[in-house]
Amino acid sequence: MKMPLSALIGLVLTGLFLFVAIFAQFLAPYPIDSAVGGVWESPSSTYLLGTDTIGRDILSRLIYGAQVTIFVAAASSILAFSLGAILGFVAATKGGWVDQVLSRLVDLVMAIPSLIIALVVLSVLPLNLTVLILVMGVLDATRVFRLSRAVAVDITVMDYVEAARLRGEGGGWIIFREILPNALSPLVAEFGLRFIFAVLFISTLSFLGLGIQPPLTDWGGMVKENKDALVYGKSAALMPAMAIAALAISVNLVADWILSRTTSLKGGRGA
Amino acid sequence: MPEPLLDIRNLRIEATSYPPGEPPRHVVLVDDVSVSVEKGKVLGLIGESGAGKSTIGLSAMAYGRGGVRLTGGQILLNGRDIREAPVGALRNLRGKEVTYVAQSAAAAFNPARKLMEQVIETSLAHGVMPKAEAEARARSLFAQLGLPNPDTFGDRYPHQVSGGQLQRAMTAMALCPKPDLVIFDEPTTALDVTTQIDVLAAIKRAIHETGVAALYITHDLAVVAQVADDILVLRHGKKVEYGSTDHIINRPEQTYTQALVSVRSIDHVEKTAAKPVLTVSNVTARYRGTHFDVLKNVSVDVAPGQTLAIVGESGSGKSTLARAITGLLPPTSGRITFAGRDLSRDLAGRTKDDLRELQMIYQMADVAMNPRQTVGTIIGRPLEFYFGLKGEEKRKRIQELLDQIEMGKGYENRYPAELSGGQKQRVCIARALAAKPKLIICDEVTSALDPLVADGILKLLLELQAQQQVAYLFITHDLATVKAIADKIAVMYKGEVRRYGSKTDVLTPPFDDYTDLLLSSVPEMRLGWLEEVLAHRKMESAGN
């Protein structure tokens with residue numbers, strides 16, 4: 001099948017972001033945390049994207065920030081999906097009180113805006129990467145739970161699942177071999193979306209000061225540091241904001257393409 | 001010879017299909033088909049699924065379903081070619097000169113509106129007649145179609161009437177604007193035989209009395225033989241044979257037509273048997289949270305190498321009996337003994353051997369196989385799960401099973417979507433056989449298949465039974481199938497077994513009322529059968 005242009009662009013950009021994130025240490029022209037120039041210098045050949053509020057090179061900080069932002073978002077999304085999908089499938093296959101307890105618990109968490117829960121929890125717990133990833137992952141898992149339960153409920157009533165039950169198969173086989181392959185395409189598409197929401201979420205938290213702590217930095221934190229530059233017509237705050245937008249769009253382009261591809265797979269839902 | 005009302009000449013219909021993972025393909029759905037219908041006559045279009053019969057039917061309205069293009073030939077309605085007619089003209093024609101009766105009336109009616117509003121809707125939309133006249137006409141049509149309380153029938157909502165009545169209401173809807181031509185697309189296929197005969201008679205009478213021309217589309221030759229004047233037999237979008245009903249039924253020329261006419265001619269000698277492998281005694285069951293027994297005191301048994309057929313119309317409890325035996329619906333009372341041991345009521349309490357020796361084959365092979373697993377995985381899993389087979393040993397056994405279902409090499413790596421309907425059902429049979437079962441429950445295994453394919457499946461099942469002495473519990477509503485394969489029959493009605501015994505006993509008079517009704521409702525492949533049955537029933541009811 002021919003790859004559409006949009007998917008190609010998305011793939012190239014996503015690949016570029018990943019490459020930068022992985023090899024940040026080698027790519028960044030200046031260290032992350034030393035003031036190398038004047039305050040808010042305009043882009044020049046020395047400082048490609050200018051300098052920030054205390055004279056650090058913005059390009060270098062963007063590159064290091066990519067590493068942190070993408071790592072935290074990816075880790076929390078993976079956690080959210082493992083937790084949410086498995087619990088969602090269990091709720092759908094077991095039904096009865098298991099389903100009730102899990103679903104009501106999820107309702108409870110979802111009833112409170114996740115940003116508020118996150119702020120409350122993070123202001124109590126020690127602020128480090130592990131806690132941040134855990135909190136984001138668990139909060140996002142509720143959304144994944146909803147989706148995977150809804151998808152799995154449709155699949156559990158199919159005759160082939162009944163056939164597996166009549167064969168005497170255990171829950172593991174039914175969840176991972178009968179249901180998961182048929183639920184994969186909506187989940188993959190959702191992963192793309194959730195990853196982006198995670199990027200936005202960690203950026204929001206950092207902007208509010210409860211996310212990534214110095215000396216590390218991420219894109220949301222950089223927006224916060226440089227937001228005053230906007231008043232003076234400097235581009236410093238726009239750079240990390242544009243990076244967030246570009247990452248969001250490119251990952252979404254890839255997710256769209258995967259969705260259209262997997263649904264037309266042999267006998268898939270869309271076929 | 002009078003001018004034909006509808007004259008289709010050298011019709012060619014094409015479409016573009018988009019197979020997954022491959023470049024789009026150009027397909028010819030209908031190729032060089034010519035038919036004509038005169039006023040007051042009925043043309044039957046017959047063929048298996050994918051033969052193009054519905055496509056031709058819809059082309060009489062110059063309509064093609066999504067992506068379908070009418071690319072060649074002429075469609076003359078009352079002498080003018082409607083194939084190239086502008087959309088405005090077609091809009092005026094559809095629902096006024098040509099009307100359509102769909103297969104599933106339940107899906108075709110708007111559940112939120114009363115029947116009368118929907119029946120007269122097209123007549124009003126086309127300005128054929130004023131509202132009062134349309135309502136009067138609808139009421140007279142209701143009476144003609146034998147609907148109860150024709151004066152008030154239209155005040156009901158679709159969910160308040162039965163499936164057969166709804167199908168007749170749709171026929172009334174089609175006849176209301178006084179069309180020249182009505183297209184019936186499998187109007188009785190979704191109905192039980194006992195209902196089908198009433199609807200069939202009603203449609204036939206209505207066609208006769210209103211004098212419209214009709215296209216009658218079906219896959220059941222015995223049904224079309226009762227209503228059609230001429231029959232066109234189609235296969236793969238091409239004409240196989242076209243002639244009068246008498247000609248097609250009594251003197252078919254093409255081998256394909258001959259096969260269709262003689263289908264279900266399997267000779268099956270009834271076997272008497274020894275000790276039963278499965279005994280169901282006094283089983284009563286209800287669904288959780290309800291207070292209504294869906295099975296009442298059911299007792300049946302079946303011996304190794306024997307076939308017990310459970311017959312009855314939809315809602316009679318046949319499939320529920322299967323669920324009770326498999327443990328999916330634990331019975332509230334009664335006993336099930338299998339292979340000499342008492343079976344636990346629910347699935348969780350059964351041993352691996354209980355599960356292995358009792359296999360099930362489903363009606364819809366499409367959803368009975370995981371679309372993401374290959375044929376090899378589907379058949380291989382029971383081998384691995386029950387017998388611990390691995391690697392080369394497993395592969396060899398899979399091939400053996402594929403040979404048994406006459407599919408040969410090269411199928412292990414295919415996905416279900418890459419198989420035909422008959423092949424899918426064969427793979428399901430292989431999956432059941434892989435467990436080396438003592439009993440296989442076959443739940444309507446042939447009802448979703450075309451008649452010739454279904455015949456092949458039945459022959460295969462009988463062959464396998466002779467080889468392996470496996471018992472079948474065969475659930476079906478199709479009495480022709482029952483005659484072909486059963487050794488014992490249980491007739492079910494409203495959750496009870498009405499009649500039970502060896503095939504000859506059950507099918508030999510005297511019958512109880514229900515069995516009589518059921519047996520006499522099965523369409524026979526000859527002309528005039530419908531009239532005979534109706535006349536017979538009338539006489540009997542007059543005698544009582």
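The structure holds five cavities of 30 Å³ or more. A cavity is a set of points on a 1 Å grid, laid over the protein atoms alone, where a 1.4 Å probe fits but cannot get out. A pocket is an open set with protein on both sides within 12 Å along at least five of seven lines. Lining residues have an atom within 4 Å of a point. Grid points are joined across faces, edges and corners, and a volume is the space filled by probe spheres set on the points.

This is a predicted model, in which local features need pLDDT of at least 70 and side-chain atom pairs count only at pLDDT 80 or more, while totals for chains, interfaces and linings use all residues. Residues are numbered from 1 along each chain as its sequence is written, chains are lettered from A and ligands numbered from 1 in written order, and side-chain values use heavy atoms, without hydrogens and water.

The lining of the largest cavity includes A:A163, A:L166, B:M360 and B:R431. Two or more lining residues each come from α7 of chain A and from β16 (358-361) and α15 (375-387) of chain B. Helices (H or I, at least four residues) and strands (E, at least two) are DSSP runs, numbered from the N terminus.

The second largest pocket is lined by 26 residues. A:T93, A:K94, A:R165, B:L328 and B:L347 lie nearest its centre. In chain A, α3 (58-94), α7 (159-167) and α8 (171-207) each supply at least two lining residues.

**The sheet in chain B**

Six strands of chain B form an open, mixed sheet in the order β16-β17-β18-β13-β19-β20. Strands pair if DSSP finds at least two bridges between them. β16 and β20 (496-502) of chain B are the edge strands with a single partner each, so one side of each has no neighbour in the sheet. Neighbouring strands are turned by 15° against each other on average, direction ignored. β13 (307-311) and β19 (488-493) of chain B pair in the parallel sense over four bridges. One of these partners B:A309 with B:I489.

**Confidence**

Chain A averages a pLDDT of 85, and 95% of its residues score at least 70. pLDDT is the predictor's confidence in each residue, from 0 to 100.

Conventions: Axes fitted to C-alpha atoms, helices over the stretch in contact; angles between N-to-C directions.
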